[in-house]
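Please open the model in your viewer and keep the selection tool at hand. The stops below go from helix packing to a single side chain.

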Amino acid sequence: MALNLEWLRTFKAIYELGTLTQAAETLFISQPGVSLHLNSLETFTGYKLFDRSARRMVPTERGKILYNFVLEPLSKLETAEQMFSRSSRSERSTISVGMCFETFQYTLEEHISRLPFNLIIKFGDYPEMQHDLDKGVLDMIVTPQTGDQKNLEYQPFSKERIVLVGGPDVELKPFHALIKKKDVKGAIAWLKEQLWYSTAADMEHLKRFWQINFQCQLEFKPNFIVPNISSIVRCLGSGNGLAVVPDFLCREEMNAGKVKLVWEGYHPIENTLYFGTRKKTIYAKEIEQIRDIFLHRMQ
C-alpha cells in the first residue's frame with residue numbers, strides 16, 4: 001500500500017482543527033471520508049495518531065511527531081498549488097511579494113481589490129525572503145536588509161526611524177527632565193516602572209534601542225505581548241504604556257494625538273527600506289504598480 005497525499009492533508013486538518021467535522025467542512029469532503037483517510041493513514045504507519053474524546057481529537061506522541069515532519073512539505077505543496085493552479089481569469093498575471101505583516105497592512109491591504117493582477121503575499125524573515133527572491137519563488141520583497149546575491153538588485157525608497165512611543169495618558173515630564181540632564185540611571189529607572197508592549201515574534205526593536213541608547217542589556221520583560229505592531233499601536237491608543245516601533249507604522253496615530261512620540265533616543269536609529277527584485281523579470285509592469293503604491297503611501 002502506497003502513502004496517499006490526501007491522507008496527510010486530512011491528518012493535518014484534523015490536527016489543526018481538532019474535530020472530524022471541522023476537518024470535513026474545511027476539506028469539502030464527507031465526515032466518513034475524513035474517517036477513512038485517517039484510518040488508512042494509521043494502518044499505513046502502524047500507529048494510533050489521535051486519541052478520540054467526546055469533543056476533540058487529541059494527537060498522540062506519534063501524531064505530534066508525524067505533524068512536525070509533514071507540516072513544512074505540505075505547506076510548500078499548498079503554496080505551489082496556489083502559484084500554478086489555473087486562475088478564474090487566465091489572462092491575469094500572478095506575482096508574489098514578500099514583506100513584514102505590518103508593512104502589508106499599512107501600505108497594500110486597502111489597494112489589493114483594485115489591482116489588475118493576482119497577488120500572493122508572503123510573510124517571513126528577511127534572509128528567507130531574499131533566498132526565495134533569488135530562487136524565483138518571490139518576484140519582489142520589501143526589506144531593510146540587502147544581500148550580495150548577484151541576481152538581485154535593491155532600490156532604496158524610504159527610511160524608518162525606530163522610536164519610543166507612548167499612550168496619550170503617559171505623563172512624560174519626569175522622563176524628559178531626566179533625559180535633558182542626561183541622567184541615564186534615572187531615565188532607566190523611570191522606564192522600568194512603566195507598562196511595556198512588545199510583539200509575539202520578537203523584541204528586536206526594543207533590545208536594539210535600549211542597547212544603543214543606554215549601553216546596557218535590556219533587564220526587564222514587557223508586560224503585554226501582542227501579535228504584531230499594529231496591535232501595539234491600537235493598545236497604546238487606549239491610554240497608558242510604552243513601546244519601541246518604526247515611526248512610519250504609527251505616524252497617522254501620532255498626528256491624530258492617539259499616540260505620543262516619547263523619545264527618538266540619544267542616538268537615533270534609522271533603517272533604509274528597499275525594494276528587492278531580480279535583475280531580469282517578466283513582471284516589471286506589475287512590480288512598478290506595487291512600487292507606486294508604496295511611494296505614494298510612504299510620502
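Contact here means heavy atoms within 4.5 Å, and helices (H or I, at least four residues) and strands (E, at least two) are DSSP runs numbered from the N terminus. The model is predicted, so that local features need pLDDT of at least 70 and side-chain atom pairs count only at pLDDT 80 or more, while totals for chains, interfaces and linings use all residues. Residues are numbered from 1 along each chain as its sequence is written, and side-chain values use heavy atoms, with hydrogens and water left out.

Select helix α1 (residues 5-17) together with α3: their axes (lines fitted to C-alpha atoms over the stretch in contact, with angles from 0 to 180 degrees between N-to-C directions) come within 9 Å and cross at roughly 110 degrees. That makes α1 roughly perpendicular to α3, a term for angles of 65 to 115 degrees. Show Glu6, Trp7, Leu8, Thr10, Phe11 and Ile14 in α1, which meet Val34, His37, Leu38, Ser40, Leu41 and Phe44 in α3.

Finally, select arginine 278, which lies in strand β11 (residues 269-278). Is arginine 278 buried or exposed? Arginine 278 is buried, with a relative accessible area of 13%, where buried means under 20% and exposed over 50% (1.4 Å probe, protein chains only). The side chain of arginine 278 reaches the backbone oxygen of leucine 138 at 2.5 Å.

Notes: Angles under 35 degrees count as roughly parallel, over 145 as roughly antiparallel, 65 to 115 as roughly perpendicular and the rest as oblique. A polar contact is a pair of N or O atoms within 3.5 Å; within protein, one must be able to donate a hydrogen and the other to accept it, and residues adjacent in sequence count only if both atoms are side-chain atoms.
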